[in-house]
Amino acid sequence: MILHNEAVSSHTLTVTVLKAENIRAKDFGSESDCYVTLILPPAIVFKTTTVENDKNPEWNQSFNFTLHNNFQTTLQIHLYDEDPLFDELIQTMVIDISTLTEGKTEIKEFAIQPEGKLWIAFTIKESERKAVSTFKGFSLGKEGVSYWKLNVTVLKAKLGDSKDYFSESDCYVSLYLPTANASAFNTKTVQNNNNPEWNETFTFRVPSHLKNVLEIRLLDEDPVSDDLLSMTMYDLSNLTLGKKERIAFNLNSETTNQILILFEMLQSEEPPSDYVSNGILLAPPFSALDVNVDKLLNNYDSLGKTIKLCGACPENQSLTAKEATRLRFFINRDLATELGLATSAVDAPSSVARLQPLPPEHTCKVSLVIDQDTVDLDVETHECVDDHIAVRLDFDIPPQEKEFLKKRKLIVGQNMQKLFGLDSPPSASQVPTIAVVGSGGGSRAMTSLLGSLKSLKEIQVLDIVSYITGVSGSTWTMSALFRDANWSQDGIDRVIAEIRKEICKDALSILTLEKMEYYRREMEEKIKEGHILSHTDLAGLLYEQTVFGEKVVNTLSEQRKTVNEGQNPLPIYTAVNMKERMGCESEAEWCEFTPYEVGFQKYGAFVRAEDYGSQFFLGHLIRKLPEIRISYLIGIWSSFFAVTMSQLMTHASDETVSGPHMDNKEPENEPLTLDTQHMEPSSVVSRIISDVLMNRPFSSKEYNFMHGLFLHSSYNTHSNFTAWKESHPDAFANLLTPSDSFLQLIDSGHCINIGCAPVLRPEREVDIFICFDNSWTPSDIFKELKLTASYCQDHDMPFPRIDFTTLEEQPQREVYILEDMENPKAPVVIYFPLVNDSFRYFKEPGVKRETAEEIKAGEVDVKSSNSPFKTEELVYSPENFDSLVNLTAYNVANNKEIIIETLRKVLKSKMDIKI
């Protein structure tokens, strides 16, 4: 873990292959031709030179491995006899790195069957990684990334039937290595041949320490569109450095069709480069590239055409004015790329020049052939030297949150002294960290959480809570509460009254002509600010008017004023980025939003809250946009529920819904999110309103702040990833989120409908979850808890072991205390499902219902198909709103003693005294 204000230490393992003796030859008539390979899983392979015709070979060659985190890994050692046809393995050995002594050189002797020996020396030394500042006060690790030279020779293929009816296939092969080249290499096309031979060689400059996965595509050329015959992703860590390897890739598991490729990975003499790293993500060297377009504008009809630089940011720039003689792109200067001229951004370039990786400060000419003339363009690179990158690559919580916790724990300690009658407050280290966890469920989740928090305040438990997390509807509650800098001290009756007024109005009031025009203006303004517009923006505005009844100008970062003195719990809002691949499981990557920052714990990547939605590249902020206001974030956090908006809208008249300038016809089957770069704002807004009315599923779309970053070669060994499952998206490095230009976040309810994930992070050290699950799961009240337990198991997170079978056999209760006595690292979970148990008989704890009116008030239906609180019900009658608030408040109050006793028990264990 990268710690605040500390350089990060790693270790270097030096392995020296010394000599061997009495190695029995595998060949007839000569001695062995021996070499040794060293493999440190998952990615690093070294090979000695070959000592020919010698049964007592000597090498004395040294190789260095960088060790991260700990020494719990095994080095694999293979002794080979080189042969012209195929190399024979003489013997395999392993050594546990953890058995070696740091700072000491140890020579190990390995027995080689039947009577030989091999000697290898091992030395482990600490090597300090360089530090570079990110947010003020942070330090990051730098890794020295060396380079390999990879030669890939596409030999031949054997195919079955052709995709063409009247001829055999016209095949070519495409090779794409995104860590080395921004574009693919293509072989020539072999016409009308089902057994094509190419024998073409392509060379890649491969950065070590990165997860290098080569994409191999076999295509059948066609006049209309080329047919993809097969695609293979090959992890280059399987190759042995210095050894030629010929590999046959099967095209289909049901046939013998194959493509044959020859690989040769060689060590490069090129000096290493520094990459910023957190052990999972690496930020490559960042430069600006300027292209002088004078000659294009002055001598050719190029105005309105597009310069394309593959893999750059931006990738496309239009030649719009003769005054703009120089175009600036930002690049990863370690990538080979292509510069070209195209008619438009969506067209392929008519002229292309390949660019090899460029030095940080460099001037050169690039030649393009235009109208049969060669045009030389002046190109310059400039190293972008700044004091920090804008993405925090770290797995710890930020310093602002640590400072908040210091202040909050002082307040919580004082409140615990009062609550438990202590002589003095517990110290900061003794104060348990308590999190309130909300769920999804639209208006039901919002209203229910209001009642639960009201009661927690009345029993003085809210005063000792440090975090509050939410999903979907519970984020509406949080957004309303955190408009007030002192809401948890002042009580929440005022907020309840304000929301009641709005949530109990006519549902169609949010769909008047006046409101529709307001939505249009706001979304057009968002486009003008430079943001991307998506369907969740309209949903957010609809929720804004439903919950608040007015324009909400607040932003997420403004909520810092509500926590900077530790006066309230810290809010954590959630969304997920869904990664799905045909034939594979889906993976929900949790994204957390706090007043301080937004980011993914999975990748250890975070940006300041005010920078979310701005444009980043290689970890650098390259285009700062105005902060997104909270209403649009609510649209992201609640996008699962948003699809039910169309059900409400169907009740409105065509005239009311359409409004002026709207197209009522069914939209064509176009992408679900829109690239607004090529569309007028008014047309984009009309399309989005139309899409929502047609009940099309949708997600948000914002610039990806991880854009351009690469995965570490060992990313898949981290517990954040389930790459060990072959059918899991985490197993496909080239398809994970850092490779995407945009984030498409959706409601966390698509994954788990309670917001435990962000407070399960070990860095937050949460001791107690008070979980209010207001999901609509009447047939299985533990559904979301089961999903949470499974999530923790997959990601190696401590969580109580729960016997759900036994719980389900018992009568439903208002609260469950779930703890794991055998695992002290597991949090205690105080779990409140949405049930109406004793409330139907008691109007207050211990006070029975007697009159007919009181008995009727206890009949709150939270489980039948006729319930007024089902998720699709956006608005409530005043009576139903009050009854749901009262039910959830009662369930907390009725279990006050259980809650207090559970908290007392955890505090006692931390203080180790009798209280």
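Predicted model: local features only at pLDDT ≥ 70, side-chain atom pairs only at ≥ 80, totals over all residues.

Modeller: Residues are numbered from 1 along each chain as its sequence is written, and side-chain values use heavy atoms, with hydrogens and water left out.

Biologist: How many helices and strands does the protein have?

Modeller: Helices (H or I, at least four residues) and strands (E, at least two) are DSSP runs, numbered from the N terminus. Counted that way, the secondary structure comes to 18 helices and 46 strands.

Biologist: What percentage of the 915 residues count as buried?

Modeller: Buried means under 20% relative accessible area, exposed means over 50%, and partly exposed lies in between (1.4 Å probe, protein chains only). By that rule, the buried share of the 915 residues is 56%.

Biologist: Among contacts between residues at least 6 apart in sequence, what percentage join residues at least 24 apart?

Modeller: Contact means heavy atoms within 4.5 Å. Among the contacts between residues at least 6 apart in sequence, the share joining residues at least 24 apart is 70%.

Biologist: How many nonpolar, polar and charged residues does the contact of H7 with H8 have?

Modeller: On the H7 side, the contact includes Lys515, Tyr518 and Tyr519, and on the H8 side it includes Asp537, Leu538 and Leu541. Ala, Val, Leu, Ile, Met, Phe, Trp, Tyr, Cys and Pro count as nonpolar, Asp, Glu, Lys and Arg as charged, and the others, Gly among them, as polar. The contact of H7 with H8 then has six nonpolar, one polar and five charged residues.

Biologist: Why does Tyr519 count as buried?

Modeller: Tyr519 has its place in helix H7. Leaving out residues up to four places away in sequence, Tyr519 touches Ile510, Leu538, Leu541, Leu542 and Gln545. Tyr519 counts as buried because its relative accessible area is 0%.

Biologist: Which residues of helix H6 and helix H17 make their contact?

Modeller: H6 (residues 493-503) and H17 (residues 878-893) pack at an angle of about 145°, with their axes 10 Å apart. By class, the residues of this contact divide into five nonpolar, no polar and two charged. H6 gives Ile496, Ile499, Arg500 and Ile503, and H17 gives Pro878, Phe881 and Asp882.

Biologist: Is helix H4 largely enclosed or open?

Modeller: The buried residues in H4 include Gly473, Trp476 and Leu481. Nine of the nine residues of H4 (residues 473-481) are buried, so the rest of the structure leaves H4 largely enclosed.

Biologist: Which residues does Thr737 touch?

Modeller: Thr737 is found in the loop between strand S39 (710-711) and strand S40 (742-743). Thr737 is buried, with a relative accessible area of 0%. Not counting residues up to four places away in sequence, Thr737 touches Asn577, Lys579, Glu589, Tyr603, Asn704, Met706 and Leu743.

Biologist: Which residue in S16 stands opposite Asp220?

Modeller: Two strands pair if DSSP finds at least two bridges between them. An open sheet of four strands, with antiparallel pairing, has the order S13-S12-S15-S16. Within it, eight bridges join strand S15 (residues 213-220) to S16. Opposite Asp220 stands Asp227.

Biologist: Which residue of S23 is the bridge partner of Lys308?

Modeller: Four strands form an open sheet in the order S23-S22-S25-S26, with antiparallel pairing. Its edge strands are S23 (316-318) and S26 (351-355), each pairing on one side only. Three bridges join strand S22 (residues 306-309) to S23. The bridge partner of Lys308 is Asn316.

Biologist: Which residue in S24 stands opposite Ser287?

Modeller: Strand S24 (residues 326-332) is mostly covered, as five of its seven residues are buried. Strand S21 (residues 286-292) and S24 pair in the antiparallel sense over seven bridges. Opposite Ser287 stands Ile331.

Conventions:
Axes fitted to C-alpha atoms, helices over the stretch in contact; angles between N-to-C directions.
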